[in-house]
Every structure is written in C-alpha cells, then in structure tokens.
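Me: I would like to go through a model by question and answer. Please show it here.

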Amino acid sequence: MTLPRTRRFACLLVPAVFGLAACNPAPQPASDDAAQTQPVEDTQTRPSEAAQAQIESGTPPVDAPLTGDAASTMLTQIAGIAGAMHAAAKLCDPNVSDAQLDQAKDQLRQEFTKMGGDVATFDGEFASAHEKTNAQFTQATPPQQKQMCDELEAMASQAPPPPAG
C-alpha cells in the first residue's frame with residue numbers, strides 16, 4: 001500500500017469519528033412543485049402539540065446542551081466507532097505505524113473528554129469495539145476482508161482533511 005493511503009487511514013480516525021457525531025443528513029433540495037406560491041406574510045405555520053403545550057404553559061424553550069442519556073449514548077457510540085476504525089486501519093494497512101495509531105487514539109480520547117465523556121468510558125468502549133472488529137475480520141473470508149478494507153479506503157478518500165495543529 002502506498003504512503004498516501006497509510007496517511008489517509010491514520011488521519012481518517014479523528015475527523016471521521018467526530019464528523020459522524022456532528023453531521024445530520026444533508027437537506028434535500030425542494031422539488032419544483034413544492035415552490036411557495038403565497039407571500040410569506042400569508043403563510044401560517046402550526047406548532048406541534050408539544051410546542052403548543054409549551055407555548056400555552058408559558059415555559060421558555062430549553063437551550064441547554066445535550067445531556068443525560070442521549071449524550072451518554074452518543075459518546076459511547078463515538079468511542080466504539082473510534083475503536084472499530086482504529087482496528088480496521090491496522091488490519092487493512094499494516095504499514096500504518098503503531099505510533100500513528102496511538103497518536104490518533106490519544107487525540108480522539110482528548111476530544112472525547114472535551115465533549116463531556118470520561119476516559120474510562122472511552123477506553124472501555126474503544127477496546128471492546130477494537131476486539132470485536134479484530135474478531136470479525138479474522139473470521140471473514142479473504143473476499144470479505146478485501147471488501148471491508150475497500151469500504152474503509154472509500155471512507156478515507158471521502159473524509160475531510162484532519163484539523164491543523
């Protein structure tokens with residue numbers, strides 16, 4: 001494998017994992033038959049039942065950051081994705097150095113804690129997903145292994161460049 005591919009695998013980990021956490025599906029363009037025909041002033045919107053109940057109660061909307069179970073679940077998934085991608089990068093490109101992978105893992109751990117996660121959760125989920133990916137790869141047939149690596153390669157080629165610094 002070439003050096004650029006090796007760099008892509010190592011650099012893929014950080015932006016891909018946190019990019020997945022931060023991205024929402026891309027908005028779909030409106031079709032031509034969905035064009036607005038009324039002036040904006042004449043267009044009425046109707047709040048959902050929950051929004052209407054909040055309006056009627058006089059309670060202000062909540063602008064707090066994501067916390068609780070949803071945030072915990074998201075952070076757990078991020079750590080797992082990081083571990084799986086770390087294992088896949090090593091399995092698919094043995095030219096990726098342990099130092100590169102360790103550096104990527106350390107950076108992911110730092111970002112994870114900045115997002116409110118704790119190191120023990122990161123390390124546990126990372127290790128679990130890493131082991132599971134290794135086992136799946138080992139049990140796969142050579143064509144399946146090639147497919148897994150090709151998919152990782154495709155993801156690496158589409159990943160945004162890593163942050164400078």
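Me: What span should the 17 residues of helix α4 have at 1.5 Å a residue?
Reply: This is a predicted model, in which local features need pLDDT of at least 70, side-chain atom pairs count only at pLDDT 80 or more, and totals for chains, interfaces and linings use all residues. Residues are numbered from 1 along each chain as its sequence is written, and side-chain values use heavy atoms, with hydrogens and water left out. Helix α4 covers residues 98-114, and its end C-alpha atoms are 24 Å apart. The expected span (1.5 Å times one less than the number of residues) agrees with that, at 24 Å.

Me: Within what arc do the buried residues of α4 fall?
Reply: In α4 the buried residues (under 20% relative accessible area, with exposed over 50% and partly exposed in between, using a 1.4 Å probe and protein chains only) are L101, A104, L108, R109 and F112. They line one face of the helix, because the arc (that of the directions from the helix axis to the C-beta atoms) within which they fall is 140°.

Me: Which residues are exposed on the other side of α4?
Reply: The buried residues of α4 line one face of the helix. On the other side, the exposed residues are A99, Q103 and K114.

Me: Which residue with a positive phi follows α4?
Reply: The phi in question is near 110°. The residue that follows α4 with this positive phi is G116.

Me: How many helices does the protein chain have?
Reply: Helices (H or I, at least four residues) and strands (E, at least two) are DSSP runs, numbered from the N terminus. The protein chain has 0 strands, and its pattern along the sequence is α-α-α-α-α-α. The number of helices is 6.

Me: Which exposed residues does the face of α5 turned away from its buried side carry?
Reply: The buried side of α5 includes F122 and F126. The face turned away from that side carries the exposed residues A120, E131, K132, T138 and Q139.

Me: Which residues does T133 touch, not counting those up to four places away in sequence?
Reply: T133 is found in helix α5, residues 119-139. T133 is buried, since its relative accessible area is 15%. Its contacts (heavy atoms within 4.5 Å), not counting residues up to four places away, are A84, A87, A88 and L91.

Me: Which residue does the disulfide join to C92?
Reply: A search of the whole structure finds 1 disulfide (a pair of cysteine sulfur atoms within 2.5 Å). The pair links distant parts of the chain, with one partner in helix α3 (residues 68-92) and the other in helix α6 (residues 142-158). The S to S distance is 2.0 Å, and the partner joined to C92 is C149.

Me: Is C92 buried or exposed?
Reply: The relative accessible area of C92 is 4%.

Me: How many Å separate the C-alpha atoms of C149 and C92?
Reply: Along the chain, C149 and C92 are 57 residues apart. The link of the two is left-handed, with -85° about the S-S bond. Their C-alpha atoms are separated by 5.4 Å.

Me: How many Å apart in space are A156 and A89, C-alpha to C-alpha?
Reply: A156 lies in helix α6 and counts as buried, at 6% relative accessibility. A156 and A89 are 67 residues apart in sequence. In space, C-alpha to C-alpha, they are apart by 9.8 Å.

Me: In which helix is confidence lowest?
Reply: The mean pLDDT (the predictor's confidence in each residue, from 0 to 100) of the protein chain is 73. Where pLDDT is low, the predicted coordinates should not be read in detail. Confidence is highest in α5, at a mean of 93. Confidence is lowest, at a mean of 46, in helix α1.
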